[in-house]
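Me: I have a structure open and would like to be walked through it. Could you take my questions one at a time?

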Amino acid sequence: MRAVIQRVTEASVTVDGSVLGFIENGFLILLGVDDTDTEKDADILARKTANLRIFEDEEGKMNLSLLDLGYSALVISQFTLLADTKKGNRPSFIKAARPETAIPLYERYMEKLRENGVTNVQHGEFGADMKVRLLNDGPVTIQYDTHQWR
């Protein structure tokens with residue numbers, strides 16, 4: 001599983017002109033599921049995300065997490081994070097999980113975020129053409145790939 005986590009002061013996702021998810025302070029999480037990912041990947045990634053300390057404390061050090069501050073998460077499925085760009089100019093998405101695998105893992109990741117203490121978890125619509133707006137805070141952007149923990 002790959003995640004690009006952006007610290008934001010606000011973020012929203014719109015599908016067909018309707019806002020499906022909106023958060024103020026927290027993380028915008030772009031999530032890609034590959035064809036070898038398992039429930040264990042979703043569980044580990046959710047725990048690491050919930051506890052990621054990239055918010056500043058009173059001394060200006062990145063030492064606080066979503067949990068410390070009661071902040072929110074907006075999770076957007078994004079298969080393009082699995083792009084293979086080794087050959088040519090057109091990326092291949094062959095490693096991206098098919099929907100029957102990806103959707104349950106995407107949903108499990110969000111469920112595990114909640115179980116790890118993130119009380120407000122918003123999301124987009126899997127497979128939809130989404131419009132995502134965000135106001136980066138910092139900017140601070142962190143990438144995770146669960147394959148590094150295998």
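Me: What covers the buried residues of α3?
Reply: In this predicted model, the cover over the buried residues of α3 includes β3 (26-32), α1, β6 (72-77) and β7 (121-123). Helices (H or I, at least four residues) and strands (E, at least two) are DSSP runs, numbered from the N terminus. The model is a prediction in which local features need pLDDT of at least 70 and side-chain atom pairs count only at pLDDT 80 or more, while totals for chains, interfaces and linings use all residues. Residues are numbered from 1 along each chain as its sequence is written, and side-chain values use heavy atoms, with hydrogens and water left out.

Me: Which residues in α3 are buried?
Reply: Ala102, Leu105, Tyr106, Arg108, Tyr109, Met110, Lys112 and Leu113 are buried in α3, where buried means under 20% relative accessible area, exposed over 50% and partly exposed in between (1.4 Å probe, protein chains only).

Me: And where do α1 and α3 meet?
Reply: On the α1 side the residues are Glu39, Ala42, Asp43, Leu45, Ala46, Thr49 and Ala50, and they meet Leu105, Arg108, Tyr109, Lys112 and Leu113 of α3, with contact meaning heavy atoms within 4.5 Å.

Me: At what angle do their axes cross?
Reply: The axes of α1 (residues 39-51) and α3 (residues 99-115) cross at roughly 40° and come within 8 Å; axes are lines fitted to C-alpha atoms, for helices over the stretch in contact, and angles run from 0 to 180 degrees between N-to-C directions.

Me: Changing topic, how many aromatic pairs are there?
Reply: The structure holds 5 aromatic pairs, and rings of Phe, Tyr and Trp (its six-membered ring) pair if their centres lie within 6.5 Å, with planes under 30 degrees apart counted as stacked, over 60 as edge-to-face and the rest as tilted. One of them is stacked, because the rings of Phe27 and Phe55 have centres 5.3 Å apart and planes at 10°. That pair links distant parts of the chain, with Phe27 in strand β3 and Phe55 in strand β4 (residues 55-56), 28 residues apart.

Me: Are those two buried or exposed?
Reply: Phe27 and Phe55 are both buried, and ring pairs link Phe27, Phe55 and Tyr71 into a cluster.

Me: Where does Phe126 lie, then?
Reply: Phe126 lies in the loop between β7 and β8 (131-145), and at 29% relative accessibility Phe126 counts as partly exposed. Leaving out residues up to four places away in sequence, Phe126 touches Ser77, Pro99, Ala102, Ile103 and Tyr106.
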